[in-house]
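Hello,

Here is the structure for you to look over. My notes follow below it.

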Amino acid sequence: MNWKFITISVIIIIALIFTAIYFYQTTRFNALITINNIKVGGLTADQALKKLESSVLKNEVYVGKERIFDGKDTKMGFTKEDLPSVKKLLGSQWTFLPSSKAKNYSLMPSQGDQYRSQTLKKLLEDKLTLMNESLKAPQDADVRLENGNIIISNSTPGTQYDVANLITQYQKQEYTSEIHLKPIYLQPNKEDSPLVTKKEKMLQDFLQQTVDYKVQDKVYSVKGSDVIKNASLSKDMQVVFDPADIKNKVSEINSSQSTLNKNFSFKTHSGSVISVKGESYGWALDVDKETKLIQEAFEKGEKSISAEAIYGDGWSTYGTGYQTTTNNGIGDTYAEVSIAEQRIWIYKNGQLMVTTNVVTGWHGVDQDTPPGVWYIEFKRSPSILRGSEVGNPNYEVPVTYWAPFTLSGCGFHDAGWRRNWAGDAYLTQGSGGCVNVPPSVMASVYDNLVQNEPVVIY
């Protein structure tokens with residue numbers, strides 16, 4: 001009986017011990033348990049919550065070993081509403097027998113911490129950005145075209161922080177008094193990076209472009225590899241290049257093809273070929289504007305364009321004769337004036353429409369009709385001629401037909417007052433520089449003169 005009593009007593013005692021241990025383990029945290037780095041070992045859930053409620057966050061931020069920001073002290077912000085969460089942690093760390101295993105749990109208050117999640121985050125971001133201003137930025141490997149060769153520069157590391165990644169790391173930190181961030185630095189694009197490879201291909205493709213540039217009836221194939229020697233890529237991946245060689249190409253085309261202020265080879269009515277200096281008639285390319293036009297064509301990937309910026313002299317500064325490619329640029333519609341023969345010939349589409357004797361400028365007093373290639377500026381009927389001449393400083397003369405070809409006031413007009421129409425009248429009784437046409441044929445001459453078409457005087 002004694003042995004039975006002793007056995008039962010031992011069992012009861014052991015059961016009580018295990019019950020006590022179970023109760024203790026169920027209601028208290030193990031010895032080396034921390035929540036947000038606050039020791040809660042041996043505490044009940046209520047006791048642990050009270051300790052969390054009274055704990056202070058120093059809000060110090062470290063990057064590596066360097067403390068870069070010391071925020072204001074704040075309470076952790078736990079309330080009674082967080083007790084279920086603490087009890088949940090208590091249950092998750094439970095072991096039947098007391099454990100000496102250390103473990104830290106991270107717990108956010110249910111109400112959230114606006115200072116930590118917003119204010120301190122923004123202050124930290126501003127601090128890192130400010131620090132970066134005095135730190136060395138990384139240098140990306142880059143691609144550029146230099147003297148016609150594609151060159152890839154080497155990348156170099158820097159000491160600036162990767163602010164975006166550090167802020168992301170900050171947002172993932174446990175809710176502890178000190179915040180420790182692993183240093184993350186901005187990294188340069190390496191020589192073999194996809195971006196550098198893409199840039200290299202873009203430059204190579206750019207150089208392979210060809211723009212067909214049409215000037216009158218001629219087309220010039222402008223190759224990128226010929227006219228683009230120095231180029232780079234902007235931040236938005238646009239090719240930026242020096243157009244100097246394009247300008248040289250346009251200048252070369254302009255020099256060889258334009259007609260403004262150049263000599264024209266002209267076949268007279270008699271069949272002889274002479275050279276006549278271009279005066280107002282003719283056209284030229286605005287080299288700067290045409291350079292920009294071709295530059296933009298390369299930038300936009302256009303395959304063909306036509307010249308647009310054409311200019312000239314005289315009444316119409318947009319350039320006369322640009323559309324004319326026949327008869328050495330004179331075309332088949334023009335007025336021919338021979339001072340020696342004192343005669344004119346008016347042609348339309350290659351057909352002689354009218355010819356007549358005329359009287360040109362007074363040679364004896366150096367008021368000769370100016371030789372050269374001009375053009376009909378405009379036509380007006382009737383009109384009043386105003387100007388000056390030898391012996392008549394201020395005159396006003398009404399005419400029925402007026403077609404000027406110089407800005408100085410020389411042109412075709414009828415001269416009903418003239419009595420001397422002899423072939424040598426221009427030597428002693430010539431005009432003030434105009435071409436006087438007999439009234440009997442002036443209407444026909446006027447009708448066959450065409451605005452902007454050339455007047456060849458020799």
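A word on the angle first: axes are lines fitted to C-alpha atoms, for helices over the stretch in contact, and angles run from 0 to 180 degrees between N-to-C directions. Please keep in mind that this is a predicted model.

Helix pair

Start with helix H8 (residues 244-257) and helix H9 (residues 287-300). Their axes come within 9 Å and cross at roughly 125°. Angles of 65 to 115 degrees count as roughly perpendicular and those over 145 as roughly antiparallel. H8 and H9 are therefore oblique to each other. The crossing of H8 past H9 is right-handed.

The H8 side of the contact consists of Ile 246, Lys 247, Val 250, Ser 251 and Asn 254. They meet Val 287, Asp 288, Glu 290, Thr 291, Ile 294, Gln 295 and Phe 298 in H9. By class, this contact has five nonpolar, four polar and three charged residues.

The largest pocket holds about 480 Å³ of space. It is lined by 22 residues, and the closest to its centre are Leu 385, Tyr 395, His 413, Gly 432 and Cys 434. Strand E24 (383-389) and strand E25 (392-399) each supply at least two residues of this lining. E24 gives the most, with six residues. The lining divides into eight nonpolar, 11 polar and three charged residues.

The second largest pocket has about 240 Å³ of space. Of its 14 lining residues, Gln 216, Gln 257, Thr 259, Asn 328 and Gly 329 are the closest to the centre. H8 turns up again here: H8 and strand E15 (263-267) are the elements that give two or more residues to this lining. By class, the lining of the second largest pocket has one nonpolar, 10 polar and three charged residues.

Cavity

How many cavities of 30 Å³ or more does the structure hold? There is one. The largest cavity contains about 60 Å³ of space. Its lining is made up of Thr 333, Tyr 334, Ala 335, Ile 346, Tyr 347, Ile 376, Asn 448, Leu 449, Val 450, Glu 453, Pro 454 and Val 455. Nine lining residues are nonpolar, two are polar and one is charged.

Best wishes

Technical notes
Residues numbered from 1 in each chain as written. Predicted model: local features only at pLDDT ≥ 70, side-chain atom pairs only at ≥ 80, totals over all residues. Heavy atoms only, no water. Helix = DSSP H or I, 4+ residues; strand = E, 2+ residues; numbered from the N terminus. Parallel < 35°, antiparallel > 145°, perpendicular 65-115°, else oblique. Left-handed = near helix turned anticlockwise from the far one by under 90°. Contact = heavy atoms within 4.5 Å. Nonpolar A, V, L, I, M, F, W, Y, C, P; charged D, E, K, R; others polar. 1 Å grid on protein atoms, 1.4 Å probe; cavity = no way out; pocket = protein on both sides within 12 Å on 5 of 7 lines; lining within 4 Å. Points joined across faces, edges and corners; volume = space filled by probe spheres on them.
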